Amino acid sequence: MRFLFSVLLLILSCEAFSSSELIYEAQKKEIKLTDKDTAILEIGEISTARYITGGILGTYPIGFGLGHAIQGRWSEDGQIFTFGELASVGVVIGGALSCLNKSGDEDWSCSSFEQTLIVVGALGFIGLRIWEIVDVWAVPPSHNSKFNKLKKYINESKQTKASLDLVPVFSPSMGQGVGFKYTF
């Protein structure tokens, strides 16, 4: 478990440093970024490992926005699925518990309202799961395309001034640290 956590932390920290460095470079070069562009840069490039792992966990065993969280897109889209699926399960459970409370020893019956709650909750859950599965597999490639275009634009833009900066550094053999970067 510790090993899995360490690998996940390693993957996410590498991408976080490169994304924050791109945002910093854009600010330094006085490039005006929209909120959507900043959000794309904050998420960073979704690696193949994050794409596949998030897709698999978002598709079959779990759902509930976990695939989006692994891909780094929970605050963007994943929270819709987390709260929506929990609410729809709650509606199904509420309708079913209401039926159970009314049932007597000889007859188990639900009113049409309780049946409607169960059906609407189940259809809502199924609809959200289908949407989540499509979203977890279809969006990351287009996100990566937008990220790479922004990265190319920021890196190819002319610099306006020289600077000496402290930047985060990551080395697999030496760990994380801080380094100097001189740009002219």
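Me: Why is tryptophan 74 called partly exposed?

Reply: In this predicted model, tryptophan 74 has a relative accessible area of 30%. Buried means under 20% and exposed over 50%, so 30% puts tryptophan 74 in the partly exposed class.

Me: And what makes tryptophan 137 count as partly exposed?

Reply: Its relative accessibility is 30%. Run that against the cut-offs of 20% and 50%, and tryptophan 137 comes out as partly exposed.

Me: Why is the pair of tryptophan 74 and phenylalanine 83 called edge-to-face?

Reply: Two checks. Ring centres have to lie within 6.5 Å, and here they are 6.0 Å apart. The planes have to be over 60 degrees apart for this label, and they sit at 70°, so the pair is edge-to-face.

Me: How many aromatic pairs does a search of the whole structure find?

Reply: The search turns up 4. One of them is tyrosine 51 with tryptophan 137, with 5.4 Å from centre to centre and 80° between the planes. The cut-offs are 6.5 Å for the centres and 60 degrees for the planes, so that pair is edge-to-face too.

Me: How do you know that this pair links distant parts of the chain?

Reply: Tyrosine 51 belongs to helix H3 and tryptophan 137 to helix H6, and they are 86 residues apart.

Me: What makes H3 roughly antiparallel to H6?

Reply: The axes of H3 (residues 48-59) and H6 (residues 112-156) come within 9 Å and cross at roughly 175°. Anything over 145 degrees counts as roughly antiparallel, which means H3 gets that label against H6. By class, this contact has 8 nonpolar, 4 polar and 2 charged residues. On the H3 side, the residues include Tyr51, Gly54, Gly55 and Gly58, and the H6 side includes Arg129, Glu132, Trp137 and Pro140.

Me: Why is H2 called roughly perpendicular to H6?

Reply: H2 and H6 pack at an angle of about 100°, with axes 10 Å apart. The range for the label is 65 to 115 degrees, so H2 is roughly perpendicular to H6. Sorted by class, the contact of H2 with H6 has 6 nonpolar, 1 polar and 2 charged residues. Asp37, Ile40, Leu41 and Ile43 of H2 meet His143, Lys146, Phe147, Leu150 and Ile154 of H6.

Me: Which residues make up the largest nonpolar core?

Reply: There are 9: Leu22, Ile23, Ala26, Ile31, Ile40, Leu41, Phe147, Leu150 and Ile154. Helix H1 (2-28), helix H2 (35-43) and H6 each give two or more residues to this core.

Me: What does leucine 22 touch, not counting residues up to four places away in sequence?

Reply: Leu41, Phe147, Lys151, Ile154 and Asn155.

Me: Where is glycine 84, and what is it in contact with?

Reply: Glycine 84 sits in helix H5 (residues 74-102). Leaving aside neighbours within four places in sequence, its contacts are Gln79 and Leu128. Glycine 84 and glycine 124 are 40 residues apart in sequence, with 8.1 Å from C-alpha to C-alpha.

Me: How many helices and strands does the protein chain have?

Reply: It has 6 helices and 2 strands, running α-α-α-α-α-α-β-β from the N terminus. Of its 184 residues, 30% are buried.

Methods: Residues numbered from 1 in each chain as written. Predicted model: local features only at pLDDT ≥ 70, side-chain atom pairs only at ≥ 80, totals over all residues. Heavy atoms only, no water. Axes fitted to C-alpha atoms, helices over the stretch in contact; angles between N-to-C directions. Helix = DSSP H or I, 4+ residues; strand = E, 2+ residues; numbered from the N terminus. Parallel < 35°, antiparallel > 145°, perpendicular 65-115°, else oblique. Contact = heavy atoms within 4.5 Å. Nonpolar A, V, L, I, M, F, W, Y, C, P; charged D, E, K, R; others polar. Core = buried A, V, L, I, M, F, W, Y, C linked by side-chain atoms within 4.5 Å. Buried < 20%, exposed > 50% of the residue type's maximum accessible area, 1.4 Å probe, protein only. Phe/Tyr/Trp six-rings, centres within 6.5 Å; stacked < 30°, edge-to-face > 60°.
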